[in-house]
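Please keep the sequence and the coordinates at hand while reading.

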Amino acid sequence: MTDYDAILFDNDGVLVEPPTDENLVDAAESAFRAVGVENPDATHVDEVVRGVTSDSLRDVCSVYDVDPAEFWHARDRHASDAQLAEFREGGRARYDDVAAIEDLAHDLGIVSSNQHRTVEFVIEFCEFDDLFDTYYGRGMGVEDLHRKKPDPHFLERALDDLGAESALFVGDSESDVVAAHRAGLDSAFVRRPHCADTSLSTEPDYEVDDLYDVAKIAN
């Protein structure tokens with residue numbers, strides 16, 4: 001075990017339930033309509049739902065002669081609105097085991113690849129204000145696409161905020177594990193039901209079932 005100065009957490013799928021694919025697909029289709037594309041190919045819709053890169057965004061937008069910046073702003077706005085609605089309507093909630101980390105003596109932070117606007121909403125809606133000392137999501141412009149994990153940009157900013165030299169990053173995806181290692185952090189992969197069968201090509205420092213296991217590592 002390592003004595004950590006801080007513990008950082010991914011948000012979706014770690015602290016709160018992940019968004020549903022159905023809602024994200026609906027949001028992406030709405031974004032296409034907002035820029036004048038009424039019947040986008042289903043493959044292109046899927047490509048802008050998850051794992052979007054600057055190159056893949058440009059390729060999709062070129063098919064429809066749509067400005068990537070305009071489309072991406074519409075995509076992120078609709079995706080964020082859809083996620084906020086999921087929480088308000090009871091479709092998503094914080095995980096019960098967040099209680100396991102409430103008494104940790106460490107500085108805590110959130111680093112998400114979701115929109116910062118969405119993370120800010122979650123902080124307030126889930127009453128995380130007093131639990132986390134710093135939090136980051138990405139901006140809604142195309143310039144922030146390359147800062148998504150596995151890029152360590154926002155992890156490094158969170159570490160700076162906390163003045164931490166050593167930290168554990170807790171996530172539920174391979175990009176979380178890679179981002180942690182690129183930032184020089186230990187990683188913990190949480191095998192929630194939605195990622196129980198995920199195969200990782202990068203070895204995390206820890207594999208855990210829930211946040212109670214994370215609390216044991218921290219203590």
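Q: Which residues that line the largest pocket are the closest to its centre?
A: Lining residues have an atom within 4 Å of a point, and the largest pocket has 26 of them. Helices (H or I, at least four residues) and strands (E, at least two) are DSSP runs, numbered from the N terminus, and among these elements α4, β2 and α7 each supply at least two residues of the lining. The closest to the centre are D12, R50, G51, S113 and N114.

Q: How many charged residues does the lining of the largest pocket have?
A: The classes are set as follows: Ala, Val, Leu, Ile, Met, Phe, Trp, Tyr, Cys and Pro count as nonpolar, Asp, Glu, Lys and Arg as charged, and the others, Gly among them, as polar. By this division the lining of the largest pocket has eight nonpolar and nine polar residues, and its charged residues number nine.

Q: On what kind of model do these values rest, and which limits apply?
A: This is a predicted model, in which local features need pLDDT of at least 70 and side-chain atom pairs count only at pLDDT 80 or more, whereas totals for chains, interfaces and linings use all residues. Residues are numbered from 1 along each chain as its sequence is written, and side-chain values use heavy atoms, with hydrogens and water left out.

Q: Which element gives the most to the lining of the largest cavity?
A: A cavity is a set of grid points where a 1.4 Å probe fits but cannot get out, and the structure holds one of 30 Å³ or more. About 40 Å³ of space lies in the largest cavity, which is lined by L24, A27, A28, V48, V49, R75 and A79. Two or more residues of this lining come from each of α1 (21–34) and α4, and the most, three residues, from α1.

Q: Is Q115 buried or exposed, and with which side chain does its side chain make a polar contact of 2.9 Å?
A: Q115 is found in strand β2 and counts as buried because its relative accessibility is 1%. A polar contact is a pair of N or O atoms within 3.5 Å; within protein, one must be able to donate a hydrogen and the other to accept it, and residues adjacent in sequence count only if both atoms are side-chain atoms. The side chain of Q115 makes such a contact with that of Q83 at 3.5 Å, while the 2.9 Å contact joins Q115, a buried residue, to D76.

Q: Which residues does V142 contact beyond its neighbours within four places in sequence?
A: V142 lies in the loop between β3 (134–138) and α6 and, at 27% relative accessibility, counts as partly exposed. Its C-alpha atom is separated by 7.7 Å from that of P68, 74 residues apart along the chain. With contact meaning heavy atoms within 4.5 Å, V142 is in contact with S54, L57, P68, A69 and W72.

Q: Which two residues does a cis peptide bond join?
A: Most peptide bonds are trans. Here omega is about 25 degrees at a cis bond, and P150 has its place in the loop between β3 and α6. The residues joined are K149 and P150.

Key:
1 Å grid on protein atoms, 1.4 Å probe; cavity = no way out; pocket = protein on both sides within 12 Å on 5 of 7 lines; lining within 4 Å. Buried < 20%, exposed > 50% of the residue type's maximum accessible area, 1.4 Å probe, protein only. Points joined across faces, edges and corners; volume = space filled by probe spheres on them.
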